[in-house]
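We will walk through some charged pairs, one selection at a time.

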Amino acid sequence: MAASTYTANGENGDLGSTEGELNQWKHRAPYRVHDKAEHFKVRYEGSCHCGKVQYQLSREKPLDAKYCHCTTCQKIHGAPFQWAAVFHKDDINFTGGIHDLGWYESSEKTCVHKLPCKVSCAYCRTPIMDEGRNMILLFPTLINFKSPEDRKNFDISCHMFYSRRVLDINDGKPKWTGLNDSSDLIADSPQDAVNELKRKRQEEEENKDNDKK
């Protein structure tokens, strides 16, 4: 069997150079290392399985947290669903392994850093985050929570792509057939959430009708 050609970012499309367009990621968030003078407030610490990649987080609560049941997440994570927490790119500070990261852009199946992309440790292959154009989706299972209260800060708000689930989770959280707020609510979604969605969509339709007059 041939050895894997998937390696760290210095060999995944940028030829190990520190200059050039393909290497601009090194100077931008979320990869830019925060200077001590910036007073980066450390709230949490996380790492990959082998420990080569380590990072800090400054935000107490993510902007949002959710379970994603899409088939891409199921396949890449080798799990029934993905637990993701949304952060600003400046909320993270890598303290180790910045050059041990590997990328994967799923639509073109390339390892060149191209947004949006999936980021993992190139050594142990632990998924680190999904990097979008404006935000990052971190995986809370990598965070070393120091208390139950810290863990509770990452409780989910909803399920996405629940129509593709491989198991039922009867937790009373809103369950969307696709992306949250832009698809339909199903299963045991709270009735008030269903009613609110109907109200918003009815209001949107009324606004469209008024614009046509």
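Start by selecting D171, which is partly exposed at 31% relative accessibility (buried means under 20% relative accessible area, exposed over 50%, partly exposed in between, with a 1.4 Å probe and protein chains only). The side chains of D171 and K175 form a salt bridge, 2.7 Å from N to O (a side-chain nitrogen of Lys or Arg within 4 Å of a carboxyl oxygen of Asp or Glu).

A word on what you are looking at: this is a predicted model, in which local features need pLDDT of at least 70 and side-chain atom pairs count only at pLDDT 80 or more, while totals for chains, interfaces and linings use all residues. Residues are numbered from 1 along each chain as its sequence is written, and side-chain values use heavy atoms, leaving out hydrogens and water.

Next, select R59 and D91, whose closest N and O atoms are 2.8 Å apart in a salt bridge. R59 sits in the loop between β2 (54-57) and β3 (64-68) and D91 in the loop between β4 (82-88) and β5 (92-96), so the pair ties together parts 32 residues apart in sequence (strands are DSSP runs of E, at least two residues, numbered from the N terminus). R59 is partly exposed at 27%, whereas D91 is buried at 8%.

Move on to D130 and K118, a salt bridge of 3.1 Å, N to O. D130 belongs to strand β8 (residues 127-131) and K118 to strand β7 (residues 117-121), so this pair links parts 12 residues apart in sequence. Both D130 and K118 are buried.

Finally, select R43, E60 and D150 together: salt bridges link them in a network. How many salt bridges does the structure hold? There are 16.

Notes:
Helices (H or I, at least four residues) and strands (E, at least two) are DSSP runs, numbered from the N terminus.
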